Amino acid sequence: MTLAAHPGWQTARPRPSWRGLAVPAGLGLPVMVAACAILLGGLPFLRLAAAAFAPGWQFSPEAALAEIGSRAAVNATLHTLETAGLSAIGALLIGGTAAILLAVTDLRGKRIIAFSLVFSMMIAPQVAALAFLSLLAPHSPILALFGLSPAPGTPNPLLGRGGIALVMALHHAPLVAITLWTGLRSVPHSLIEAAQMEGAGPATIISRILLPVLRPQIIAAALLAFVAGVGNFGIPALLGLPVNYLTLPTLIYRRLSSFGPAGLPDAAALSILVALVAAVGIAAGMLATRRAGGKVEIERPLEPFWTLGRARPFVLGGLILLLAVKLGLPFLALFAEALTPALGVPLSWQSLTLDKFAEVLLRQDVTVRAFRNSFLFAGSAAVILAFVAIAFAYALERRMGRSRRIVEAVIELPYALPGVVLAIACILMFLKPLPLLGVSIYATPFIILFAYLARFLPLALKAPLAAMAQIEAHHEEAAKLDGVTLWQMLRFIVAPILAPAAMVSALMVFLVAFNELTVSALLWSSGTETLGVVLFSLKEAGLAGEAAAVAISASLVILAAMLVLDLLAKRLPGNVLPWRI
């Protein structure tokens with residue numbers, strides 16, 4: 001059907017001459033996309049670099065280099081490297097094992113297991129840290145049921161380096177699994193069949209075929225977990241700050257908390273250091289992926305080839321045990337802490353109360369406001385990015401040409417680098433009134449919204465780009481012959497086709513942004529608190545039960561959004577939902 005026959009087309013503005021408008025329309029969208037990419041992904045980091053190495057717009061890197069070389073920065077860097085490195089190794093072992101078992105064996109209930117793994121990653125890092133703290137605390141109601149509760153006054157064993165590395169390893173393991181699932185989809189099943197014809201068993205096939213073929217993805221997955229560990233704020237904040245074990249993100253947070261705007265030059269220098277550490281991991285991961293070679297056309301993708309037989313219940317039990325340790329027991333402890341009236345009170349039918357849930361959801365102004373703000377910020381970013389992603393996907397796939405890679409790299413920058421770097425960049429960019437407008441958005445809700453738009457635009461683009469790549473261009477050619485403008489084609493042809501993918505992107509952005517802490521911890525002001533900020537503040541104030549109630553409530557929202565996404569899976573491009581293996 002041509003555009004002229006589209007319902008409602010005759011009510012649109014009169015059709016202009018296509019020949020007269022082709023050049024301006026053709027240039028307008030790419031220019032707009034490039035300008036937005038620079039605004040969201042380029043200018044904040046240029047401002048950050050200028051603040052660190054050219055204060056007052058005069059090149060003078062001495063102060064930044066002195067801060068980077070200070071004892072506090074060196075210790076925080078070492079702590080960051082050791083926790084990120086140890087957690088990456090642990091995440092690779094846990095996530096890699098789970099990915100292989102779910103991909104190549106005949107286990108039942110794979111989708112439920114994969115969904116649970118991804119859900120455990122989608123919940124906020126600070127929620128995961130709080131859950132494990134509640135599980136192993138001396139007053140833990142869960143451990144008390146088994147008579148394993150530590151003596152009162154016993155330090156929580158998770159505080160410090162070991163606890164940070166352990167919780168981050170468990171939290172980032174699904175990230176490794178998702179990366180390896182992507183690699184496993186590109187393995188042709190003919191390799192497995194050839195090995196089986198030669199008499200190779202499952203263990204031999206995995207060790208001598210799959211693992212060598214997946215070596216680039218394994219390296220990339222480990223480096224991805226490392227970079228995630230470098231930028232993680234929630235887990236080191238809850239498990240490290242109480243014992244003064246500082247990583248680079250928590251050191252930046254402490255500097256800004258202690259000195260306010262006066263600490264911005266030091267924070268900018270430390271942010272550059274965080275960015276450099278993360279950039280090394282990102283570059284190494286990209287190099288490993290490139291060595292894997294180009295795309296290979298395969299007739300038949302990898303299928304499960306390992307029949308477990310009698311070992312199936314034991315393998316399934318092992319994965320269920322992993323989920324119990326990673327997700328079940330910590331959240332039971334968190335739930336139990338939210339249901340007891342006070343610390344140390346045993347959980348029983350007589351002591352059980354929903355008062356803390358009522359307090360944080362209905363009575364306490366700051367928590368009610370935090371729920372409202374998180375819904376507002378995450379929802380607004382999701383809706384805006386859903387619309388933006390349609391135009392961006394069309395421009396990147398059809399109009400950008402050779403400049404596409406450059407624009408994509410600029411767009412990816414805020415998502416690839418740690419959130420604390422973006423937060424400092426936004427503070428520096430908007431601390432003074434905007435040029436020409438004379439308006440400042442610092443300490444307003446709009447600075448958080450801007451940071452969310454910049455950080456989650458790459459995530460919002462994933463599904464629309466995948467859908468756009470599958471659309472043939474003949475619809476657009478027919479529209480051009482009909483004499484329509486680019487904007488009319490976007491409205492009547494491209495947008496309806498990409499709408500389901502854009503809706504998925506919106507829900508994915510909402511999932512990640514709803515519990516976000518790393519960015520908002522540095523950008524919030526009175527009245528703009530988010531759930532992540534309030535949860536962290538409640539824990540610092542000693543209100544563990546209220547913090548647990550907030551964490552459980554926020555996690556249920558994430559679970560509901562994931563279930564909605566799963567119901568929409570049949571209408572989405574393939575491989576968009578990470579738990580659909």
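The largest share of the lining of the second largest pocket comes from helix H1, which supplies four residues. A pocket is here an open set of points on a 1 Å grid over the protein atoms alone, with protein on both sides within 12 Å along at least five of seven lines, and lining residues have an atom within 4 Å of a point. Helices are DSSP runs (H or I, at least four residues), numbered from the N terminus. The model is predicted: local features need pLDDT of at least 70 and side-chain atom pairs count only at pLDDT 80 or more, whereas totals for chains, interfaces and linings use all residues. Residues are numbered from 1 along each chain as its sequence is written, and side-chain values use heavy atoms, with hydrogens and water left out.

The second largest pocket holds about 500 Å³ of space, a volume being the space filled by probe spheres set on the points, which are joined across faces, edges and corners. Its lining comprises 18 residues, of which Arg47, Trp57, Leu428, Met429 and Lys432 lie nearest the centre. At least two lining residues each are supplied by H1, helix H13 (264-290) and helix H18 (419-430). By class, the lining divides into 15 nonpolar, one polar and two charged residues. In this scheme Ala, Val, Leu, Ile, Met, Phe, Trp, Tyr, Cys and Pro are nonpolar, Asp, Glu, Lys and Arg are charged, and the others, Gly among them, are polar.

Phe45 is placed in H1 (residues 18-53). Phe45 counts as buried because its relative accessibility is 11% (buried, under 20% relative accessible area; exposed, over 50%; partly exposed, in between; 1.4 Å probe, protein chains only). Apart from neighbours within four places in sequence, Phe45 is in contact (heavy atoms within 4.5 Å) with Leu413, Pro414, Leu417, Val421, Leu422 and Ala425. The C-alpha atoms of Phe45 and Cys426 are separated by 8.4 Å, although the two residues are 381 residues apart along the chain. Pro414 is also one of the buried residues of helix H17, together with Val407 and Ile411.

One cavity of 30 Å³ or more was counted, a cavity being a set of grid points where a 1.4 Å probe fits but cannot get out. The largest cavity contains about 60 Å³ of space. Ser120, Ile123, Ala128, Phe132, Val167, Leu170, His171, Lys326 and Phe331 form its lining. Helices H5 (125-136), H7 (161-185) and H14 (312-339) give two or more residues each to this lining, and H7 gives the most, with three. Six of the lining residues are nonpolar, two polar and one charged.

Eight salt bridges were counted, each with a side-chain nitrogen of Lys or Arg within 4 Å of a carboxyl oxygen of Asp or Glu. Glu529 lies in the loop between helices H22 (520-523) and H23 (531-540) and Arg369 in helix H16 (residues 365-399), so the pair ties together parts 160 residues apart in sequence. Glu529 is buried at 7% relative accessibility, whereas Arg369 is partly exposed at 23%. Another salt bridge joins Asp355 to Arg363 at 2.7 Å between the closest N and O atoms, and Asp355, Glu359 and Arg363 are linked in a network.
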